[in-house]
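This briefing is meant to be read beside the sequence and the coordinates. Topics run from the whole chain to single residues.

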Amino acid sequence: IDRNILSKLTQAGLIPRYLEVAKVSSLYHPRDLDDFLSNLKTLSISDTSKNDCEAILSASRRLNIPTQRVVQIILRDKIQLFAADPRTAKFRDFRVSIEDLREATIRDKAGAIHQKRAAEILGVNEYAVSILVRKGLLESQLVREFHSGRERRYVCSASMEVFQKNYVTVSQLAKQSGRPPGSEALYHMDRGVAPVDRRSGCHTIFLKRDVT
């Protein structure tokens with residue numbers, strides 16, 4: 001990574017500075033640099049045959065999006081990356097699908113999240129997300145997908161933020177307590193805490209105020 005790109009990634013909070021001294025270049029800990037590359041490697045597969053892929057820097061220039069923003073989108077949306085050998089790949093070796101990246105930026109502009117991604121964030125399945133939408137706990141909106149031209153229902157980003165302030169899923173509680181999700185759900189229900197709506201399938205989602 002050249003110094004200019006490294007500085008931009010640092011300003012975006014993607015790579016922390018280890019030491020910064022006035023009038024001296026920032027110093028970085030090898031561990032933090034390795035962690036950054038590891039996050040990209042986790043999303044990578046060994047494949048050089050996908051035609052619409054370009055290096056991250058090239059994709060940034062093609063779509064006229066700052067490199068640090070492209071990396072943030074890739075990590076946030078877990079966009080598939082490609083490299084000849086992910087195990088030894090450096091930053092310049094990772095390639096991303098232009099189509100996948102363009103789709104993600106369109107969703108950003110629309111302020112929407114794909115239901116699958118919303119499910120991953122909340123630690124539930126897509127069926128539970130659709131129930132939350134039907135119950136009005138999450139809002140949805142139509143987004144025209146770039147690759148297909150079809151309009152699909154996405155979850156509004158703003159409603160996700162409101163939901164996460166007021167509700168918590170069993171998966172999220174289990175990560176905090178260290179208990180298995182099933183045991184976590186039983187623990188709270190044995191204490192008399194009722195889930196959002198057991199009948200409709202939202203039996204793994206609780207009001208935060210009831211479990212804290």
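The model is predicted. The protein chain has 212 residues, of which 39% are buried, and eleven helices and nine strands occur in the chain. The sheet described here has three strands, and the largest pocket holds about 370 Å³ of space.

**Whole chain**

- The accessible surface of the protein chain amounts to about 12400 Å². Carbon and sulfur atoms account for 48% of that surface.
- Among contacts in the chain with a separation of 6 or more, 60% are between residues 24 or more positions apart.
- The secondary structure comprises eleven helices, including α2 (residues 30–42), and nine strands, including β7 (residues 151–156).

**Sheet β5-β7-β6**

- The three strands form an open sheet in the order β5-β7-β6, with antiparallel pairing.
- Strands β5 and β6 are at the edges and have a single partner strand each, so one side of each has no neighbour in the sheet.
- Strand β5 (residues 112–113) is joined to β7 (residues 151–156) by two bridges, and these strands run antiparallel. Across this pairing, Ile-113 is opposite Val-155 of β7.
- Strand β6 (residues 140–144) is joined to β7 by five bridges, again in an antiparallel arrangement. Here Val-143 is opposite Arg-152 of β7.
- As a general point, strands of a sheet pair through backbone hydrogen bonds, either parallel or antiparallel.

**Largest pocket**

- The lining of the largest pocket consists of 13 residues. Those nearest the centre of the pocket are Asp-77, Lys-78, Ile-79, Arg-107 and His-114.
- Two elements, α5 (98–110) and α6 (115–122), each give two or more residues to this lining. Helix α5 gives the most, with four residues.

**Ile-1**

- Ile-1 is in the segment before α1 (3–11).
- Beyond its neighbours within four places in sequence, Ile-1 has contacts with Leu-6, Leu-9, Phe-36 and Phe-91.
- The C-alpha atoms of Ile-1 and Arg-92 are 7.2 Å apart, while the two residues are 91 residues apart in sequence.

**Pro-30**

- Pro-30 belongs to helix α2 (residues 30–42).
- Pro-30 counts as exposed because its relative accessible area is 53%, and the cut-off for exposed is over 50%.
- Pro-30 and Tyr-18 are twelve residues apart along the chain, with 9.3 Å between their C-alpha atoms.

Terms used: Residues are numbered from 1 along each chain as its sequence is written. This is a predicted model: local features need pLDDT of at least 70, side-chain atom pairs count only at pLDDT 80 or more; totals for chains, interfaces and linings use all residues. Side-chain values use heavy atoms; hydrogens and water are left out. On a 1 Å grid over the protein atoms alone, a cavity is a set of points where a 1.4 Å probe fits but cannot get out, and a pocket is an open set with protein on both sides within 12 Å along at least five of seven lines; lining residues have an atom within 4 Å of a point. Grid points are joined across faces, edges and corners, and a volume is the space filled by probe spheres set on the points. Buried means under 20% relative accessible area, exposed over 50%, partly exposed in between (1.4 Å probe, protein chains only). Contact means heavy atoms within 4.5 Å. Accessible areas come from the Shrake-Rupley method with a 1.4 Å probe; for residues, only the protein chains shown count as cover. Two strands pair if DSSP finds at least two bridges between them.
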